[in-house]
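Welcome! Please take a moment with the sequence and the 3D view, and then read on for a short tour.

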Amino acid sequence: MAAIAEAPRTFADLTFEEKLDRMALVAVRVGLNLHEGQELLITASLDHVPFVRRVVEQAYKAGASIVTVMYADDDATLSRYKYAPDASFDAVPKWLTEGIAEAYRSGAARMGITGANPSLLKDQDPAKVSRVNVAMSRASKPAMELVTRHAINWTIVAAATPAWAKLMFPDVPENEAVARQWDAIFHASRITGADPVQDWKDHGANIAKRVTILNDKRFHSLHFRSPGTDLVVGLADDHLWAGGGGVCGNGIFCNANIPTEECFTTPHRDRVDGTVTASKPLSHQGTLIENISVRFENGRIVEAHATAGEEALRKLIKVDEGASHLGEVALVPHGSPIAQSGLLYWNTLFDENAASHIALGQAYATCIKDGETLDEATLNAKGANTSLIHVDWMIGSGQMNVDGVYEDGTEEPLMRNGEWV
């Protein structure tokens with residue numbers, strides 16, 4: 001008698017451990033595209049240990065020479081705010097930030113695993129939080145410049161944590177909330193198909209087609225209109241649209257964000273005017289900032305409000321001169337899987353891929369023609385912004401209309417009701 005062929009296993013048939021392994025595989029092979037002989041530096045939370053161990057295993061299978069993991073501990077972080085002397089909030093372990101920069105200069109890849117408690121610092125002094133962020137941003141600038149210039153292959157992926165899961169699913173027990181959050185991460189990260197690596201190649205190709213269309217248009221600015229928003233965002237001289245994966249300065253193709261749905265470029269730091277209202281809350285450095293509304297004049301925020309976290313918002317835009325200007329503008333269709341899930345993730349990696357968004361602060365040099373080879377002064381002359389921060393927040397919705405504006409003032413529809421025309 002002929003043997004009965006077994007039906008192919010679906011994603012639902014996999015054990016949770018097998019799903020974690022698949023997520024780790026995508027992080028290493030698709031996100032980083034880690035090459036044989038490369039070092040890898042991972043940053044993660046203590047809650048991420050089970051997932052990190054699978055990532056490390058996949059990294060060594062891919063040929064990593066050495067994998068180093070740096071863990072953050074929420075309780076240790078809170079102890080600093082509760083008991084440390086005042087001078088602590090301006091201090092940074094420079095030996096650590098210098099070592100990280102040296103690792104990147106030596107060819108190490110970077111993986112950030114996000115999922116920390118979004119409201120960890122909500123009860124802490126916003127002034128102290130701001131001081132810590134400024135000090136760390138200044139000390140980390142040499143390393144982060146290598147990231148923003150895409151000199152190295154890097155990626156950010158997510159892993160569930162109890163505190164984050166309870167914020168997303170507050171009405172269920174913690175264990176169920178974590179399970180639901182993992183399921184949401186798996187689906188948003190496109191690992192549920194029969195061949196997730198191929199699925200990512202297909203997804204990247206679709207984004208690349210849209211990027212090509214936008215680059216061919218050579219718009220002078222973008223005009224955003226929706227309830228509470230009437231904003232014109234000028235685009236930098238010689239701007240380039242990007243999206244999906246790309247080739248880094250070390251010649252390696254990587255996908256910097258898992259998941260990703262956006263097409264993004266560099267705004268002109270001095271040509272942003274009008275009002276804009278956030279469509280989703282912003283979780284920034286442990287503080288939740290809700291219902292953001294700002295007004296721009298000549299590229300600079302001149303008025304800023306929020307119904308929660310307003311003090312944190314005001315301190316954010318005062319970090320340095322560039323913090324009140326834009327460094328990124330991105331278009332995301334409302335039909336993206338993340339938007340259609342109806343979930344609010346309280347995490348920028350996901351929420352920015354559910355809606356068109358803007359980012360305060362540092363511009364990406366790679367979104368300027370030959371930007372990787374240009375010095376800061378030349379990039380600034382083309383309109384690219386410089387800052388210690390880069391903070392995305394969401395403005396898109398199913399009510400958002402976006403027009404591309406040519407230099408002669410002619411407008412062409414790009415999005416209607418949040419979807420590509």
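## The largest cavity

Val-332, Pro-333, His-334, Ala-355, Ser-356, Gly-396, Ser-397, Met-400, Met-415 and Gly-418 form the lining of the largest cavity. Please keep in mind that this is a predicted model. The notes below begin with this cavity and then turn to a group of strands, a helix and a loop residue.

**More on the cavity**

- Searching the whole structure turns up one cavity of 30 Å³ or more.
- The space inside the largest cavity comes to about 30 Å³.
- Sorted by class, its lining holds five nonpolar residues, five polar residues and no charged ones.
- Met-415 is one of the lining residues, and Met-415 also belongs to strand E20, where it stands opposite Val-402.

**Strand E19 and its partners**

- Strand E19 covers residues 401-405 and is mostly covered, with four of its five residues buried.
- One partner of E19 is strand E5 (residues 221-226): the two run antiparallel and are joined by five bridges.
- Across this pairing, Phe-224 stands opposite Val-402 in E19.
- Another partner is strand E20 (residues 411-416), which is joined to E19 by four bridges, again in an antiparallel arrangement.
- E19 and E20 make a hairpin with five residues between them.
- In the turn of that hairpin, Gly-409 has a positive phi of about 95 degrees.

**Helix H4**

- Helix H4 (residues 94-105) has 12 residues.
- From its first C-alpha to its last, H4 reaches 16 Å, close to the 16 Å expected at 1.5 Å a residue.
- Which residues of H4 are buried? They are Thr-97, Ile-100, Ala-101 and Tyr-104.
- These four sit on the same side of H4, because they cover an arc of only 95 degrees around the axis.
- As a rule, an α-helix has 3.6 residues a turn, so residues three or four places apart point the same way.
- Trp-95, Glu-98 and Arg-105 are exposed, on the face of H4 that is turned away from its buried side.

**Val-319 in its loop**

- Where does Val-319 lie? Look in the loop between helix H9 (310-316) and strand E16 (326-331).
- Val-319 has a relative accessible area of 14%, and because buried means under 20%, this residue counts as buried.
- Between Val-319 and Val-55 there are 264 residues in sequence and 35 Å in space, C-alpha to C-alpha.

Technical notes:
Residues are numbered from 1 along each chain as its sequence is written. This is a predicted model: local features need pLDDT of at least 70, side-chain atom pairs count only at pLDDT 80 or more; totals for chains, interfaces and linings use all residues. Side-chain values use heavy atoms; hydrogens and water are left out. Buried means under 20% relative accessible area, exposed over 50%, partly exposed in between (1.4 Å probe, protein chains only). Two strands pair if DSSP finds at least two bridges between them. On a 1 Å grid over the protein atoms alone, a cavity is a set of points where a 1.4 Å probe fits but cannot get out, and a pocket is an open set with protein on both sides within 12 Å along at least five of seven lines; lining residues have an atom within 4 Å of a point. Grid points are joined across faces, edges and corners, and a volume is the space filled by probe spheres set on the points. Ala, Val, Leu, Ile, Met, Phe, Trp, Tyr, Cys and Pro count as nonpolar, Asp, Glu, Lys and Arg as charged, and the others, Gly among them, as polar. The expected span of a helix is 1.5 Å times one less than its number of residues. The arc is that of the directions from the helix axis to the C-beta atoms.
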